[in-house]
Amino acid sequence: MAAVAGVTGPAGPAGAGPAPVRVLIVDDDALVRAGLSMILGGLPDLTVVGEAADGAEVPTAVAAYSPDVVLMDIRMPRVDGLTATEALRAQPHPPEVLVLTTFDADEQVLRALRAGAAGFLLKDTPPAEIVHAVRRVAAGEATLSPTVTRTLIAHVTATVPGPAGPDPRRERALRLLAGLSERERQVAVSLGRGCTNAEIAGELFMSVATVKAYVSRLLTRLDLNNRVQVALLVHDAGLV
């Protein structure tokens with residue numbers, strides 16, 4: 001196993017067919033890293049290319065192993081996973097990030113999602129769901145269900161008081177959303193309510209394929225990574 005500045009990672013085996021999804025595991029708990037490696041390492045379409053024990057090691061690990069997906073713990077001793085995620089997602093062409101947490105509605109998870117993480121996994125998530133989540137993220141899909149989106153938005157509403165003066169986050173959100181067409185705005189608000197594509201299609205009398213096209217257009221126009229960030233932006237604007 002090769003070593004890079006405290007980071008370890010096996011070389012992926014060569015093989016025919018599509019290249020497997022490359023996964024980097026970042027967690028300060030060696031047992032967690034070992035467990036995730038066992039879950040993901042034996043599948044033909046996934047390969048664990050490296051491990052890191054702290055967020056400080058992430059830049060070196062990403063440069064060394066070029067992962068497609070990073071499983072990122074939040075709480076680590078030197079550089080936490082939130083700081084590491086923000087720095088990573090600010091880079092050109094970054095890998096997708098799945099946050100690992102023990103809480104399903106922690107404000108730290110919200111910070112990670114705002115930074116561009118594709119979603120989060122609870123550490124007690126069943127192995128099959130972990131595999132499914134990694135595959136979805138690698139395919140460019142967020143891993144948060146509408147139910148989880150609703151929980152997160154409710155958590156924001158319950159824990160963040162309204163500002164006494166001008167709110168830069170609200171002003172920015174309103175400015176971004178003002179540039180949308182009426183239909184795009186309607187889809188964005190539906191996303192802010194945690195609706196599925198099928199629910200949006202029913203409400204707005206559109207096909208599911210058309211809803212998907214609108215969601216993709218929203219992500220491009222708003223320069224966001226996933227539908228959860230759209231939902232948070234809509235909440236910031238006070239539209240839900």
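**Exercise 1.** In this predicted model, find which residue of S4 stands opposite Leu-24, then work out how the strands around that spot are arranged.

*Solution.* Start at Leu-24: its opposite number in S4 is Gly-50. Next, zoom out to the strands. S3 covers residues 21-26, and six bridges join S3 to S4, with the two running parallel.

**Exercise 2.** Is strand S4 (residues 46-52) largely enclosed or open?

*Solution.* Go through S4 residue by residue, calling a residue buried when its relative accessible area is under 20%. Seven of the seven pass that test, so S4 is largely enclosed by the rest of the structure.

**Exercise 3.** Take helix H10 (residues 208-222). Which of its residues are buried, and what covers them?

*Solution.* H10 has 15 residues and spans 21 Å from first C-alpha to last, close to the 21 Å expected at 1.5 Å a residue. Then pick out the buried ones in H10: Val-211, Tyr-214, Val-215, Leu-218, Leu-219 and Leu-222. They take up an arc of only 140° around the axis, which means they sit on the same side of H10. As for the cover over the buried residues of H10, it includes helices H7 (168-178), H8 (182-192), H9 (197-204) and H11 (227-236).

**Exercise 4.** Which residue follows H10, and what is its phi?

*Solution.* Step off the end of H10 and you land on Asp-223, with a positive phi near 55°.

How values were computed. Residues numbered from 1 in each chain as written. Predicted model: local features only at pLDDT ≥ 70, side-chain atom pairs only at ≥ 80, totals over all residues. Heavy atoms only, no water. Helix = DSSP H or I, 4+ residues; strand = E, 2+ residues; numbered from the N terminus. Expected span 1.5 Å × (residues − 1). Buried < 20%, exposed > 50% of the residue type's maximum accessible area, 1.4 Å probe, protein only. Arc of directions from axis to C-beta. Contact = heavy atoms within 4.5 Å. Pairing = 2+ DSSP bridges.
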